[in-house]
Amino acid sequence: MLSNPVIEDVVRVADSEADAAGDRAVRGPGLMTKIGVVTFPGTLDDRDAARAVRLAGAEPVALWHADADLRGVDAVVLPGGFSYGDYLRAGAISRFAPVMGEVVEAAGKGMPVLGICNGFQVLTEAHLLPGSMIKNDHLHFVCREQVLSVERADTAWTSEYAAGERITIPLKNQDGQYVADEHTLDELEGEGRVVFRYEDVNPNGSRRGIAGISNARGNVVGLMPHPEHAVEAGFGPDGARGPRSGTDGLRFFTSVMRALVS
């Protein structure tokens with residue numbers, strides 16, 4: 001069995017950082033909710049995702065790509081990064097990791113799964129979500145604060161948003177252009193499976209401005225922007241938008257807790 005001493009420390013580090021920042025996560029039934037965060041070789045944002053889970057009031061559980069064991073978690077996050085260096089297609093190698101067999105099976109049974117950036121790419125490669133991701137249309141890496149419109153607020157990961165709401169989430173990618181054939185795009189639109197759409201600017205040329213989609217059941221969601229980077233005021237996108245400024249991403253993680261304990 002392969003192990004990695006770095007990821008084994010994810011939960012401890014997230015806990016200690018949260019304490020140092022004066023973590024005031026809501027306590028209650030969600031305290032025992034366990035959300036797994038998968039690390040592949042080249043993953044960059046697993047600690048950020050683990051911290052977001054902790055701030056939402058759940059327990060993050062580190063999952064290693066080579067272990068075919070979800071360790072009893074209630075939900076799974078596939079975080080961002082450049083798994084296996086994005087060789088072949090982004091996410092194409094990670095799709096065959098032992099842990100992904102368990103994720104695919106669990107998702108089929110209704111477990112909530114969130115794919116962020118590279119995680120979204122992995123979900124398309126694993127056929128949990130349709131379509132594919134290719135190079136940005138301008139062929140450059142993009143890093144910006146991105147306004148999104150919430151198109152669907154009834155998935156396991158978006159129930160604490162309102163349909164039509166505009167939120168600001170950091171975006172950083174080089175293979176972020178979502179593509180699919182017209183039939184698939186029409187199907188996604190017709191079934192209400194477009195969860196997020198880019199507003200003001202389409203930063204990567206994604207078809208129909210699609211920033212995130214879901215499966216038909218609504219338990220699997222993938223998006224290119226990074227909600228885990230917008231969970232604390234002062235450490236995310238800020239502006240004169242009221243008390244939630246900079247924390248628009250936190251509700252992804254409180255939404256799934258609500259779905260799990262309801």
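Select Arg 251 and Asp 248, whose side chains meet in a salt bridge with an N to O distance of 3.8 Å. A salt bridge here is a side-chain nitrogen of Lys or Arg within 4 Å of a carboxyl oxygen of Asp or Glu. Both Arg 251 and Asp 248 are buried. Buried means under 20% relative accessible area, exposed over 50%, and partly exposed in between, with a 1.4 Å probe and protein chains only.

This is a predicted model, in which local features need pLDDT of at least 70 and side-chain atom pairs count only at pLDDT 80 or more, while totals for chains, interfaces and linings use all residues. Residues are numbered from 1 along each chain as its sequence is written, and side-chain values use heavy atoms, with hydrogens and water left out.

Next, select Asp 200 and Arg 166, a salt bridge whose closest N and O atoms are 3.2 Å apart. Asp 200 lies in the loop between strand E9 (194-198) and strand E10 (210-214) and Arg 166 in strand E7 (residues 166-173), so the pair ties together parts that are 34 residues apart in sequence. Helices (H or I, at least four residues) and strands (E, at least two) are DSSP runs, numbered from the N terminus. Asp 200 is exposed, with a relative accessible area of 63%, and Arg 166 is partly exposed at 45%.

Then select Glu 105 and Lys 109, which form a salt bridge at 3.3 Å, N to O. Glu 105 is partly exposed at 42% relative accessibility; Lys 109 is exposed at 63%.

For a network of salt bridges, select Glu 151, Glu 182, Asp 186, Glu 189, Arg 197 and Arg 208. The structure holds 16 salt bridges.

Move to helix H3 (residues 98-108), where Val 99, Met 100, Val 103, Ala 106 and Ala 107 are buried. They cover an arc of only 125 degrees around the axis, which puts them on the same side of H3. The arc is that of the directions from the helix axis to the C-beta atoms. What do the buried residues of H3 pack against? Their partners include strand E1 (34-39), strand E3 (75-78), strand E4 (113-116) and helix H4 (118-125). After H3 comes Gly 110, with a positive phi near 110 degrees.

Now select strand E3. Ala 75 and Val 77 point one way from E3, Val 76 and Leu 78 point the other way, and all are buried. E3 pairs with E1 in the parallel sense over three bridges, and Ala 75 is the bridge partner of Ile 35. E3 also pairs with E4 in the parallel sense over three bridges, where Leu 114 in E4 is the bridge partner of Val 77. Two strands pair if DSSP finds at least two bridges between them.

Show E3, H3 and E4 together: they make a right-handed β-α-β unit. Right-handed means that, with the strands pointing away from the viewer, the path from the first strand over the helix to the second runs clockwise.

Finish at Phe 253. Not counting residues up to four places away in sequence, Phe 253 touches residues including Ala 52, Val 77, Leu 114 and Trp 157, where contact means heavy atoms within 4.5 Å.
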